[in-house]
Amino acid sequence: MRYHVLAADYDGTLATDGRIDPPTLDALRRLKESGRKLIMVTGRELDELLELVPDPALFDRIVAENGALLYRPDVKEEEKLAEAAPTEFVERLKARGVGPISVGRVIVATWEPHETVVFDVVREMGLELQVIFNKGAVMVLPSGVNKATGLEAALRDLRLSAHNVVAVGDAENDHAFLASCECAVAVSNALDTVKERADWTTPADHGPGVTQLIQQLLDDDLVGLQPKLSRHEILLGEDDEGREVRINPYGLNVLVAGTSGGGKSTLTTGLLERLSEARYQFVIVDPEGDYDELELTMKLGDPHNPPTVEEVEELLSRPEMPDASVNMLGIDLKDRPGFSDQLLPRLQDLRAHTGRPHWIVVDEVHHLMPAAWQPAPLVIPKELRGMLYITVHPDSIAPALLEAVDVLLAIGEHPEKTIRLFCETVGVSEPPGLEAVKLERGETLAWFRNDDRPPLRVKTTPPKVQRRRHSRKYAEGNLGPDRSFYFKGPEDKLNLRAQNLVAFLQLAEGVDDATWEHHLQQGDYARWFHEGIKDDDLGEAAERIAATAGLSAQESREQIKQAIEERYTLPAERVTSA
């Protein structure tokens, strides 16, 4: 479910002549029975509103006084969201002949044409107040307070996100809160300026229009309005013609796959950065701690302290908290898939109640959900949406996950082979126009499976901030047998394991020249830096060193050592000679 909240204006929207008619009340009750929340956002003062609304507890929250007051009907508790204007302000208005004047907990309201006097008094007193208009009403509030800020406070109180809200209104003071929500709707009696900015205008006016909106919500969660929400799409990059290529931020499953060193982490980081900027919440399930230094996220778990499902759930339950990355290095390798199987049902349950996290990112998905994956009973792969999977081996992933992929971003060498392998694994026909492509650095071959177009070469938009690569994990940690480097020599007579960069440099200084040169020219060092260390810059440096003619074994050793030390802070006690 995308829309968990209906946020509605009162006068002119829910109400006609100050009252909500019985059919509209019935529709509101049906909405609540569907598990959705209901928030009223009104310019009215609370006391008069409570006299008009027959069942205030039908609303989970009421934002009154045009965003200045939050009311919790279930406990009859109110909270001022701003400070009231000084008493002298109201006295001066009365002295200047302004009337009638209504004074709420925070708001001061009158009617046109008194706005000129209101502006004069605000200026004379040097007050930081603003004037908001609403069909002839003149509302005076602290600067920066409006229906959007009030709705934000209500959503924070309910631990919900504006990306899961559809809002409906009719007047000038509704612009801000309509624009702050995922989907904006106007009733047919709304001002033309409101209709122009809305994603949909209901055929009927006032309450009957809201009833039509509620019926659409209950019927299909407003799926039909998706084409009008392109402003929310996340930028992937540009095609060969310079046109922007974007990804729908809701309901898609994306697979980033391809050879090591192709830029999977850079592409993923850029997408996550733009999701974060748009305030879509994500969580990274990170089995090897590769996103531990991504500055966008709050880190849960480290090599010495395994994360718990409960702390992940608690962090993500608060939409105002940063996005999360779950580092599994503190969990035994064999137990990581089990932890993932425990975490996913809890994330699904959180989504069912709140719509968040909007995206779940699974790195090294072939380890956590391999071809033979048997998910927990509550994890239904076809119902996993808003997933971003990352892998080098698409054919090693559970077929049920692959079948549900909507967008495939192939990276690295021979991306057309990656797409072809995907198709063979899933048992589908390859896309039309699939040809051999040589990608440049920072490019991907993007296949939108529900699109008739052939795969697109896309120059991806890079992240603004690159991930730091000075992790002690790679310098000193234990990468495990499958991620370690092994000096074997040209005849496989050796089997010297380097479990991190420090051990690599120590062993490199001690192995004979033939062994060193063998691995250098085979591209083994570059391959390990790309795949084991996951540092494409270091891998490329090793490739350049290997391709430099005339270097002695000692000179290439020194250059590899220098490339590592430029990127990683190694411990001072590192052994420097064999």
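Of the 578 residues of the protein chain in this predicted model, 55% count as buried. The C-alpha trace spans about 95 × 55 × 45 Å along its principal axes. The chain has 20 helices and 25 strands. Among contacts between residues at least 6 apart in sequence, 64% join residues at least 24 apart.

**Cysteines**

The disulfide count for the model is zero. Cys183 takes part in no disulfide, and the nearest cysteine sulfur, that of Cys181, lies 9.1 Å away. The table gives the accessibility of two cysteines.

| Residue | Relative accessible area | Class |
|---|---|---|
| Cys183 | 0% | buried |
| Cys423 | 3% | buried |

Buried means under 20% relative accessible area, so Cys183, at 0%, counts as buried, and Cys423, at 3%, does too.

**Helices H19 and H20**

Helix H19 covers residues 536-547 and helix H20 covers residues 553-567; they pack at an angle of about 165°, with their axes 10 Å apart. Because of that angle, H19 is roughly antiparallel to H20. The crossing of the two helices is right-handed.

On the H19 side, the contact is made by Asp537, Leu538, Ala541, Ala542 and Ile545. These meet Ser556, Gln559, Ile560, Ala563, Ile564 and Arg567 of H20. By class, this contact has seven nonpolar, two polar and two charged residues.

Technical notes. Residues are numbered from 1 along each chain as its sequence is written. This is a predicted model: local features need pLDDT of at least 70, side-chain atom pairs count only at pLDDT 80 or more; totals for chains, interfaces and linings use all residues. Side-chain values use heavy atoms; hydrogens and water are left out. Axes are lines fitted to C-alpha atoms, for helices over the stretch in contact, and angles run from 0 to 180 degrees between N-to-C directions. Helices (H or I, at least four residues) and strands (E, at least two) are DSSP runs, numbered from the N terminus. Angles under 35 degrees count as roughly parallel, over 145 as roughly antiparallel, 65 to 115 as roughly perpendicular and the rest as oblique. A crossing is left-handed if the near helix is turned anticlockwise from the far one by less than a right angle, and right-handed if clockwise. Contact means heavy atoms within 4.5 Å. Ala, Val, Leu, Ile, Met, Phe, Trp, Tyr, Cys and Pro count as nonpolar, Asp, Glu, Lys and Arg as charged, and the others, Gly among them, as polar. A disulfide is a pair of cysteine sulfur atoms within 2.5 Å. Buried means under 20% relative accessible area, exposed over 50%, partly exposed in between (1.4 Å probe, protein chains only).
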